[in-house]
Amino acid sequence: MDNDDEQEIQKRLLKNSLQKQLDEFQMLSAIFCNAGELQVDDYSCIDNLDSYINGETDRLNTKLDYRFDLPLLQDQKVQILVELPHLYPALEIPRIVIRSSGIPRDQERMLTSKIEQYIEEEVVERDEPYVYQVIGWIQDNFTELLQTTGEKKEHPTVPSKRSDTANEPIVFERLWIYSHHLKSKTKRQTIIKTARDLKLSGFSRPGKPAIICVEGQQSDTQEFWRTIKPLKWQKIQIKFNETETVSDEKEMAALRHFESVFREELFCEMDEDSDTEDQPMSMSLFMKFLEKHSCGYIKKELFGFQNASEAPIS
């Protein structure tokens with residue numbers, strides 16, 4: 001088999017997988033048809049997948065991801081986030097994550113592990129889509145899943161004064177992350193989506209170099225770092241982190257330097273017909289942005305500018 005034949009087989013497999021994803025999403029939309037039950041943040045991804053399957057484009061700009069909002073807790077809905085890799089269901093497994101303000105972040109990670117374990121052990125036939133099977137399993141076993149993951153979280157601790165978590169301090173953290181470059185649209189979308197799911201504020205600047213800043217509760221900023229660090233990077237590191245203990249959410253909000261919604265910023269002088277990720281960063285625009293958000297002090301940490309002054313977190 002020559003190279004061309006192998007590439008054609010891989011392309012057919014990819015198109016077949018994407019078509020199954022779209023067919024499954026259409027089926028899920030018919031089942032979870034109440035307002036708000038099933039949502040897609042960006043419907044252009046469906047258009048892109050359709051265009052690729054039909055041969056209208058050779059570029060896949062994104063993955064299909066969507067979320068369920070289901071009443072799995074009393075008086076509270078639970079989000080189930082689904083992200084499908086391009087070769088699901090044939091060769092790759094979906095990323096399915098549970099999010100709820102009523103569930104601690106550590107327990108959410110345990111629930112994610114339980115879902116992965118269920119897929120590995122119970123989903124035998126993976127040639128056909130199985131997100132509906134997994135969602136049904138979560139719905140049927142959610143109370144038991146909460147109990148088992150909650151027990152594992154609490155079991156190693158001594159059940160005395162530790163049970164009173166209301167008095168535990170809240171730690172605000174701002175992470176400044178530096179990467180050699182960031183061009184992948186999939187990676188960029190993962191960064192934005194993860195930050196927004198975790199209710200973090202801040203920004204990401206794609207291109208070369210790439211700079212990411214996230215701020216919020218430390219458990220969430222560290223979860224963000226754990227999520228993006230394993231992605232394929234030539235080089236990525238936390239250049240600087242700032243922390244401060246606060247007593248409540250109001251104090252934390254006062255420490256934030258950025259708008260409540262995480263955004264992608266480009267800081268480049270736009271040329272017509274140019275890819276934004278190929279444009280060099282305009283240092284003057286970036287510095288103005290930092291000064292506007294009371295972060296001028298960070299240029300020394302990021303770039304070694306000697307004229308930058310240190311500043312406190314607030």
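Helices (H or I, at least four residues) and strands (E, at least two) are DSSP runs, numbered from the N terminus.

## What you're looking at

This is a predicted model, where local features need pLDDT of at least 70 and side-chain atom pairs count only at pLDDT 80 or more, while totals for chains, interfaces and linings use all residues. Residues are numbered from 1 along each chain as its sequence is written, and side-chain values use heavy atoms, with hydrogens and water left out.

## Glutamate 83

Setting aside its neighbours within four places in sequence, glutamate 83 is in contact (heavy atoms within 4.5 Å) with Lys63, Leu64, Asp65, Pro94, Arg95 and Thr190.

## The nonpolar cores

A nonpolar core here is a set of buried Ala, Val, Leu, Ile, Met, Phe, Trp, Tyr and Cys residues joined through side-chain atoms within 4.5 Å. The largest one has 39 residues, and the members touching the most others are Leu64, Tyr66, Phe68, Ile80, Ile98, Val131 and Ile138. Two or more residues come from each of α1 (3-31), α2 (44-53), β2 (64-73), β3 (76-84), β4 (95-99), α3 (105-122) and α4 (131-154). Helix α4 gives the largest share, 7 residues.

Take phenylalanine 68 from that list: leaving out neighbours within four places in sequence, its contacts are Leu28, Phe32, Glu37, Leu38, Val78, Gln79, Ile80, Val82, Val131 and Ile135. There's also a second, separate core of 17 residues, with Leu175, Ile177, Leu200 and Trp233 among them.

## A patch on the surface

Which residues form a nonpolar patch on the surface? They are Met27, Ile31 and Tyr132, with about 260 Å² of accessible area together. The areas come from the Shrake-Rupley method with a 1.4 Å probe, and for residues only the protein chains shown count as cover. Methionine 27 belongs to helix α1 and is partly exposed, at 37% relative accessibility.

## Strand β7 and its partners

Strand β7 (residues 210-217) is mostly covered, with 7 of its 8 residues buried. It runs antiparallel to β5 (residues 170-179), joined by 8 bridges, and pairs with β6 (residues 201-205) in the antiparallel sense over 5 bridges; strands pair if DSSP finds at least two bridges between them.

Cysteine 213 of β7 stands opposite tryptophan 176 and is also the bridge partner of phenylalanine 203. In the hairpin of β6 and β7, 4 residues lie between the strands, and glycine 207 takes a positive phi near 110°.

Key
Buried means under 20% relative accessible area, exposed over 50%, partly exposed in between (1.4 Å probe, protein chains only). Patches are made of residues with over 30% relative accessible area and no salt bridge: like charges are joined within 9 Å, nonpolar side chains (Val, Leu, Ile, Met, Phe, Trp, Tyr) within 5 Å. A salt bridge is a side-chain nitrogen of Lys or Arg within 4 Å of a carboxyl oxygen of Asp or Glu.
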